[in-house]
Amino acid sequence: MESRVLHSRFAALAIGVLVAVCAIVAICLAFPAQNQVREGAEYSYVYSGVKSSSVDFVEANLDDESLLVFGSSEFSTPKRLVPQVPAQVFGDTDYGLRMMLVGEAYDQSLWHAIALGAYDGAGVPGDKVAIIVTPGWFTDGGQDAETFKTRFSYSLYQRFCANPDVPDEAKAYVRSRLEGYGVGDTQLDAAAPTLPQDYLNAAAFQVLDDLKLRQGLAEVREKGVDRVQSDAPATPDFAALRNEAKATAEQMSTTNDWGMEDSFYTDQLEPVLADLKDSRTGETYTDTPEYDDLDCFLGIADACGVEVLVVLSPEMGPYYDHIGIDAKTRAGCYDQVRSVVAGHASAKLADFTSHEYEKYFLYDIVHFGWTGWIDVEEAIYRFAKGGA
């Protein structure tokens with residue numbers, strides 16, 4: 001009787017495993033491998049966390065004119081609000097530079113440190129990258145754990161751990177930070193396996209994450225556009241682009257003196273502006289691990305032989321004055337970022353913090369606006385092409 005029960009349980013387990021295997025095979029057949037991209041399609045300017053977490057997909061869309069640009073929510077700004085975004089300026093004209101945008105909202109220095117290590121393992125075009133650093137990353141308390149865990153990518157972390165050029169010290173630092181965020185030891189051990197159970201878990205996590213990314217990439221592939229082709233790439237006329245940007249901004253910012261886009265100001269900010277007065281006077285921009293995370297990112301770049309352009313965004317002076325984060329506090333944040341960057345041979349700084357009070361540089365309270373994007377794009381273009 002007991003043997004029959006055991007046999008029945010074994011049969012049920014076997015059937016369950018068979019069903020799971022069949023399901024996985026079916027999904028694999030339904031969704032192409034991560035490295036499948038539509039021939040002639042451009043995915044550089046697609047804003048997607050799935051894309052950013054798939055090194056294979058991004059790598060398949062890179063060429064000698066590509067530059068990895070790490071960042072966060074500024075990549076989500078639509079053309080209809082700010083026609084000067086990279087997808088419009090560099091996506092519609094062949095200037096010999098294609099900015100492969102990596103990252104989405106809530107991706108900060110720790111996420112980017114992991115991603116840099118992962119992408120370096122696959123090969124960074126030209127051994128150059130840019131990263132857009134936002135002062136809002138450095139608010140007191142750091143990023144909350146639940147938000148970070150929604151953006152954690154096992155695939156990126158596993159590739160980060162597998163890259164022999166990433167120093168052991170950096171790997172230990174990142175692991176410690178991930179533990180602090182509550183990422184489980186099972187995942188962390190599987191990404192750098194040493195014990196038999198680690199290897200088993202690694203196989204499981206790899207299959208599951210691969211399937212998740214394959215499924216998500218089906219939507220990303222639909223967003224690809226035909227790549228711009230030209231026999232003689234032109235050099236951008238940044239002066240003309242800046243004049244066009246200012247003219248566009250003047251048409252789209254008519255309801256306020258701060259240079260914000262009209263609908264953002266009237267629909268989102270103006271109704272709550274009075275309540276926001278002095279609401280953040282206690283902010284210091286000092287009680288955060290973010291500076292150490294940025295230092296880790298740049299340390300990985302040093303070790304991997306990757307040159308980095310750090311684009312330091314300003315905060316909107318009038319708005320932050322209004323909510324109680326004064327110029328001295330903001331300057332302290334900027335100074336600490338400058339100090340971190342100065343400590344790394346691989347890093348150059350494109351510092352735009354002097355534009356805090358410039359109309360049209362930002363289109364809302366934190367994201368680059370019409371003239372802001374042109375200035376940032378010029379800095380990235382000159383960096384990519386070997387200029388200062």
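Reader: Let us start with the largest cavity. Which helices each supply at least two residues of its lining?
Author: This is a predicted model. In it, α5 and α14 (290-304) each contribute at least two residues to the lining of the largest cavity.

Reader: Which residues line that cavity?
Author: The lining of the largest cavity consists of Q108, S109, L110, Q143, F148, R177, Y181, E290 and D293. By class, there are 3 nonpolar, 3 polar and 3 charged residues in that lining.

Reader: And how much space lies in the largest cavity?
Author: About 30 Å³. The structure holds 1 cavity of 30 Å³ or more.

Reader: What about pockets: how much space is in the largest one?
Author: The largest pocket holds about 320 Å³ of space.

Reader: Which residues lie nearest its centre?
Author: Those are S73, Q108, T134, G136 and W137, out of 18 residues that line the largest pocket.

Reader: How does the pocket lining divide by class?
Author: The lining of the largest pocket has 10 polar, 6 nonpolar and 2 charged residues.

Reader: Changing topic: how many residues are in the largest nonpolar core?
Author: That core has 106 residues, and L68, F70, Y157 and L178 are the ones that touch the most other members. As a general point, nonpolar side chains tend to be buried together in soluble globular proteins.

Reader: Take L178. What is it in contact with, leaving aside neighbours within four places in sequence?
Author: L178 is then in contact with L110, I114, F148, F152, Y157, V183 and L188.

Reader: Now the backbone. Which residue other than glycine has a positive phi near 80°?
Author: Y106 is one of them, with phi near 80°. Y106 sits in the loop between β3 (98-102) and α5 (109-122). Another is Y360, whose phi is positive at about 80° although Y360 is not a glycine. Y360 is in the loop between β7 (347-351) and α17 (370-384).

Reader: Is Y106 buried or exposed?
Author: Y106 counts as exposed because its relative accessible area is 53%, and the cut-off for exposed is over 50%.

Reader: And Y360, buried or exposed?
Author: Y360 is buried because its relative accessible area is 10%, and buried means under 20%.

Notes
Residues numbered from 1 in each chain as written. Predicted model: local features only at pLDDT ≥ 70, side-chain atom pairs only at ≥ 80, totals over all residues. Heavy atoms only, no water. Helix = DSSP H or I, 4+ residues; strand = E, 2+ residues; numbered from the N terminus. Buried < 20%, exposed > 50% of the residue type's maximum accessible area, 1.4 Å probe, protein only. 1 Å grid on protein atoms, 1.4 Å probe; cavity = no way out; pocket = protein on both sides within 12 Å on 5 of 7 lines; lining within 4 Å. Points joined across faces, edges and corners; volume = space filled by probe spheres on them. Nonpolar A, V, L, I, M, F, W, Y, C, P; charged D, E, K, R; others polar. Core = buried A, V, L, I, M, F, W, Y, C linked by side-chain atoms within 4.5 Å. Contact = heavy atoms within 4.5 Å.
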